[in-house]
Amino acid sequence: MTATNGEPAPGSDAPGTGPEHEVAAGVRPPHAPPAAGAAQSDTVAAVVRQWRAVHPQLDTGPMEVIGRINRCAALLQQAEDAPLRRAGLSRSEFDLLGALRRTGHELTPGELARETFSSGAAVTKRVKQLTERGLIERRGDTRDRRVAHLRLTDAGRDLVDGILPEQLAYETAVLSVLAPEGQGELAALLSELLSRLEGRMGALRA
């Protein structure tokens, strides 16, 4: 549905009208960013303009926000994964190792799935691969043999602790295109959006 996955949702502003006219006419809600915003040279802006030509009566406000979030997420992940690739890890594998390191105690596969926002099947596959590499070890539950408890080996802990400073330095360099105050404002806006979505997405999917 986004503007970056090849199947954008249609939407746009009526051509030849200003934001005030659009709000009054009910085409653009007052909270939506105007089409003539400051950032008009990125790839999402071009997609939005194309949809405006196809469906000029619809509002592109959601696409202008969600499309840019998705596009930034894709580009940032490509960039920030470079240190992980050098260590032979995928982002999802590092997230799993990181969850075990930051919580500081053993986790079951189900708990790891919740910590990393992953499916149980995906966690099972990653745990198997990381166990074979000697980065994770399993301990069976003494009361229920169906339950496994997972923890980092010394090698796994050393790997996470060695990668994390490099990873953070790389992410700092990537985000340096924004001034520190801009990063703080963006973090606050994204935090507000995330907290609200986490509370509402279940209802929206129903």
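## Val127 and its surroundings

Leaving aside residues up to four places away in sequence, Val127 touches Leu96, Leu112, Arg138 and Leu150; contact here means heavy atoms within 4.5 Å. This is a predicted model, so local features need pLDDT of at least 70 and side-chain atom pairs count only at pLDDT 80 or more, while totals for chains, interfaces and linings use all residues. Residues are numbered from 1 along each chain as its sequence is written, and side-chain values use heavy atoms, with hydrogens and water left out.

Val127 sits in helix α7 (residues 120-132). Helices (H or I, at least four residues) and strands (E, at least two) are DSSP runs, numbered from the N terminus. Is Val127 buried or exposed? Val127 is buried, with a relative accessible area of 2%. The cut-offs are under 20% relative accessible area for buried and over 50% for exposed, with partly exposed in between (1.4 Å probe, protein chains only). Between Val127 and Leu150, which are 23 residues apart along the chain, the C-alpha atoms are separated by 8.6 Å.

Now for the strands. Strand β1 (residues 136-140) and β2 run antiparallel, joined by 5 bridges; strands pair if DSSP finds at least two bridges between them. One spot to look at is Glu137, which stands opposite Arg151 in β2. Strand β2 (residues 148-152) is largely enclosed by the rest of the structure, because 4 of its 5 residues are buried.

Axes are lines fitted to C-alpha atoms, for helices over the stretch in contact, and angles run from 0 to 180 degrees between N-to-C directions.

| Helix pair | Angle | Axes apart |
|---|---|---|
| α5 (residues 91-103) and α6 (residues 109-116) | about 105 degrees | 10 Å |
| α5 and α7 | about 80 degrees | 10 Å |

That makes α5 roughly perpendicular to α6, and α5 and α7 are roughly perpendicular to each other too. The label covers 65 to 115 degrees; under 35 counts as roughly parallel, over 145 as roughly antiparallel and the rest as oblique.

On the α6 side, Asp95, Leu96, Ala99, Leu100, Arg102 and Thr103 in α5 meet Leu112, Glu115 and Thr116 in α6. The residues of that α5 with α6 contact split into 4 nonpolar, 2 polar and 3 charged. Here Ala, Val, Leu, Ile, Met, Phe, Trp, Tyr, Cys and Pro count as nonpolar, Asp, Glu, Lys and Arg as charged, and the others, Gly among them, as polar. On the α7 side, Ser92, Glu93, Leu96 and Leu97 in α5 meet Val123, Arg126, Val127, Gln129 and Leu130 in α7. By class, the α5 with α7 contact has 5 nonpolar, 2 polar and 2 charged residues.

In the loop between α6 and α7 you'll find Phe117. Phe117 is exposed, with a relative accessible area of 73%, and has a positive phi of about 55 degrees although it is not a glycine. Most residues other than glycine have a negative phi.

Zooming out, the protein has 9 helices and 2 strands, and 27% of its 206 residues count as buried.

How far can you trust it? The average pLDDT, the predictor's confidence in each residue from 0 to 100, is 80, and 77% of the residues score at least 70. Among the elements, α7 has the highest mean pLDDT (95) and helix α1 (residues 19-25) the lowest (38). Over residues 1-39 the pLDDT is below 50, though this stretch has 82 contacts in the model beyond near neighbours in sequence. Where pLDDT is low, the predicted coordinates should not be read in detail.
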